[in-house]
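Subject: Structure for you to look at

Hello,

Here is the structure I said I would pass on. My notes on what was found follow below it.

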2 protein chains.
Amino acid sequence: MKNLFLFNVNSIARDVPQHRACYPDSVCARLRIVTTKKTGKGAARSVRMGPKPVSLKELAEHLGLSPATVSLVINRSHVADSIPQETKDRIFAAAGKYKYRPNFFARSLRAQRSFTIGVIVPEVSDGYSASVMSGVEDYLLQEGYFYFVVSHRHRADLIDEYPRLFLERSVDGLIAVDTPWTLSLSVPVVTVSGHNQVKGVTNIVLDHVQAAEVALKHLFQLGHRQIAFIKGQEFSSDTEVRWANIERAARQLGLSISRALVSQLQGDSPSPELGYEATKKLLASHKPFTALFAFNDISAMGAIRALREAKLRVPDDVSVVGFDDIQSAAYQNPALTTVRQPLREMGRIAAETLLRRIRRSGSDSHGGETMVEPKLIIRETTCQATNGVRPKYRTLPKARP
Amino acid sequence: MKNLFLFNVNSIARDVPQHRACYPDSVCARLRIVTTKKTGKGAARSVRMGPKPVSLKELAEHLGLSPATVSLVINRSHVADSIPQETKDRIFAAAGKYKYRPNFFARSLRAQRSFTIGVIVPEVSDGYSASVMSGVEDYLLQEGYFYFVVSHRHRADLIDEYPRLFLERSVDGLIAVDTPWTLSLSVPVVTVSGHNQVKGVTNIVLDHVQAAEVALKHLFQLGHRQIAFIKGQEFSSDTEVRWANIERAARQLGLSISRALVSQLQGDSPSPELGYEATKKLLASHKPFTALFAFNDISAMGAIRALREAKLRVPDDVSVVGFDDIQSAAYQNPALTTVRQPLREMGRIAAETLLRRIRRSGSDSHGGETMVEPKLIIRETTCQATNGVRPKYRTLPKARP
DNA sequence: ATGCTCTACTAACCCGATTTAGTAGCTAGT
DNA sequence: ACTAGCTACTAAATCGGGTTAGTAGAGCAT
């Protein structure tokens, strides 16, 4: 059963970021299990967290002890081993009563650690970044870390400036999502979906060999032999690998890729429009195709629009496969068949890896890659190739989100 | 022309969060205008921000001055007015040379301000929250603030716990997006799309009167008289107002709303599935309708699926109007007609309002509301009502994203 | 010689917690 | 009687920067 608590009570005090290990279990429980009572609508609960939190010194004074003692007890330091249980109890009781919470800045200042990490993404509001963030958040919060996010929006100056700002804020580490990475920093860095060779940077990447294979094999088995492709933008860190592996997989299957059936996304910010334009170009070549493999889901959506405009039905006339499986892929009508990147999981793994590196910092400088498996999600935009014979109208099956 | 710099050089030192006002313009420029040189692929730029940043004390020592002097000069304090320009120049030069950056924690510890705000949303990866965040980010970063995000996922305990954690981290203020809010905190709070009467909390809300009017009028003018509705979940802060205003607008237009044509979303996390189920119920009533107004875009997508399964064409047989205009609304085939909430703008306004309140903190405790205007985005899921006569096949027009 | 004003600084404390080195007081052992 | 060892603490330094009250020294006037 999953732990209901946000934080792990049993962590060693030293590695627990906040004041999470500060209290005996009884107090912890009181502090953390919050029962939300329904109060009359609009009636502010009068929690009103006081404007003057107690400090360690005040608490110590109140107890007739020195700040040192209180601090040692509260942090479960071994130096405090000799202090009798009775005193400890008194301290915890007072801490609970006065809702003592160590000042975060003072702590970080001393510890030289912020228990905060920086996340840089192309744009928080695109589904791709957001899904990864969701996974990152999951793990980080559970471990008591918080994170800053920034969107670089593909501006080279920001890609350079933001890490700098992060460092000023003393983040303990960085996660870069789908961002070209060339910096070597003084804190651990993990990239998601980058293909960087920067020393000491760990990459979380998809197994692109498998991704290409699984998608092409699916189309191949459905009888598709004339397959069109939309490549990613030049700047995207994935474009190259993805394409190389598609060529590889095609060779293995004995499929030949026609030049005329390869198009490329043009333009900075992701939008179906780019896929729409790319598909227009494909159609303009007048070379027939029965399937289309798009660089990502967003462009696949635009592609479908272009195909419909050309009076081609999807999937009856042209099957379409996307890439990523962003949330709205399942929401499409027809729902998009796509190669799923386990984005949330990738975010989670990134956070996990980063914290591991932060915790045993110093000893490791190993970069390297962690691969995750893609998964073909077959929905409604692919079907048997018809080779010109139009199949009869198919009722759309229920979506499998 | 928009300021290229992230931060405003001319702010008064006191209100500038980071070390932004710390340098004479020449140094500022050097620090901020970053020219990104293309280096060989994979070659780490050796910026390697050193692991030991200089401290104020070291800098002072190096200059043969006291830390106090350096601090005063760097912060452009009036106490430093009498210090000769020559000394000041020396200080700035050294600061630039050794890349001195004040330690963030030390500063915050002293100033009791973190230049960080907390944002709480239902889920970072849903399009609604993400769009608002994007606007929040825009403004905050420009002002040198950073932000923490957390997703409460509609868990009451987290909605209660996270603000607490934020306060421990000494955030200067909070933004709550689409989150039921009952707490009264010691820092300014701004909610987006909440309808709370908590004292001292500012709400950024949509003009729901207009929203309902504009949507219903549109359908009315297209000749729709039998309109079905999908209401939001019980817990959603918008459900009630939205529905009240729909009834109001209907009355004004002389439209009667049939009980059988009102359905409600059931279920926690937003997904088209909920809209699908709600629509199934509507269809089960066997009461005919020519248009459907959904609670949000996500549910509209599910509704469209349900309609198609029932062999009803959208928009030919049934027009559908969504709400929100999340990104993927424009990506749908057919693209969704919807009432746009200017989410990004709302985020921006929220951030602006919050910072204003933080800056003149103390003097204001005014809650209140700021209204923003909805806008009807007519795309492809609405058309003239046919009253049983099926119109001929329409070519889908090009999307207007 | 004394007082006054001004310039150009600085000493010293503050923010709040952590941590090391140490101490006072007691008991036990030889 | 003296030391060793233990218990139960604490003093004081430290992290890095902000701030207030104040001072040394020069210049000038009386």
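**Surface near DNA strand C**

The residues of the surface near DNA strand C divide into 12 nonpolar, 10 polar and 5 charged. Here Ala, Val, Leu, Ile, Met, Phe, Trp, Tyr, Cys and Pro count as nonpolar, Asp, Glu, Lys and Arg as charged, and the others, Gly among them, as polar. A residue is near a strand if one of its heavy atoms lies within 4 Å of it.

Before the rest, the conventions. This is a predicted model, in which local features need pLDDT of at least 70 and side-chain atom pairs count only at pLDDT 80 or more, while totals for chains, interfaces and linings use all residues. Residues are numbered from 1 along each chain as its sequence is written, chains are lettered from A and ligands numbered from 1 in the order in which they are written, and side-chain values use heavy atoms, with hydrogens and water left out.

Around DNA strand C there are 27 residues, and the closest are A:Leu56, A:Arg107, A:Arg110, B:Thr69 and B:Ser82. Of the atoms of DNA strand C that come within 4 Å of the protein, 72% belong to sugar and phosphate. Both chains supply polar contacts to its phosphates (a polar contact is a pair of N or O atoms within 3.5 Å; within protein, one must be able to donate a hydrogen and the other to accept it, and residues adjacent in sequence count only if both atoms are side-chain atoms). A polar side-chain atom of A:Tyr100 is 3.1 Å from a phosphate oxygen of DNA strand C. From chain B, a backbone N or O atom of B:Ser66 lies 2.8 Å from a phosphate oxygen, and an N or O atom in the side chain of B:Thr69 is 2.4 Å from one.

By element, α3 and α5 of chain A and α3 and α5 of chain B each give at least two residues to this surface. The largest share, 4 residues, comes from α5(A). Helices (H or I, at least four residues) and strands (E, at least two) are DSSP runs, numbered from the N terminus.

**Surface near DNA strand D**

DNA strand D has 25 residues around it, of which A:Thr69, A:Ser82, A:Arg110, B:Leu56 and B:Arg110 come nearest. Sugar and phosphate make up 68% of the atoms of DNA strand D within 4 Å of the protein. The elements that give two or more residues here are α3 (67-74) and α5 (104-111) of chain A, with α3 (67-74) and α5 (104-111) of chain B. The surface divides into 11 nonpolar, 9 polar and 5 charged residues.

Rings of Phe, Tyr and Trp (its six-membered ring) pair if their centres lie within 6.5 Å; planes under 30 degrees apart count as stacked, over 60 as edge-to-face and the rest as tilted. The ring centres of B:Phe229 and B:Trp243 are 5.4 Å apart and the planes stand at 80 degrees, so this pair is edge-to-face. B:Phe229 belongs to strand β6 (residues 227-231) of chain B and B:Trp243 to helix α9 (residues 239-253) of chain B, so the pair ties together parts 14 residues apart in sequence. B:Phe229 is buried at 2% relative accessible area, and B:Trp243 is buried at 13%. Buried means under 20% relative accessible area, exposed over 50%, partly exposed in between (1.4 Å probe, protein chains only).

Ring pairs also link A:Phe146, A:Phe148, A:Phe166, B:Phe146, B:Phe148 and B:Phe166 into a cluster.

A:Arg242, in helix α9 (residues 239-253) of chain A, has its charged end over the ring of A:Phe323, 3.6 Å from the centre. The criterion is NZ of Lys or CZ of Arg within 6 Å of the ring centre and within 35 degrees of the ring normal. A:Arg242 is buried at 6% relative accessibility, and its side chain reaches the backbone oxygen of A:Phe295 at 2.6 Å. In chain B, the charged end of B:Arg242 sits over the ring of B:Phe323, 3.5 Å from its centre.

**Backbone**

A cis peptide bond joins A:Asn333 and A:Pro334, with omega about -5 degrees. The bond from B:Asn333 to B:Pro334 is cis too, with omega near -10 degrees.

Regards
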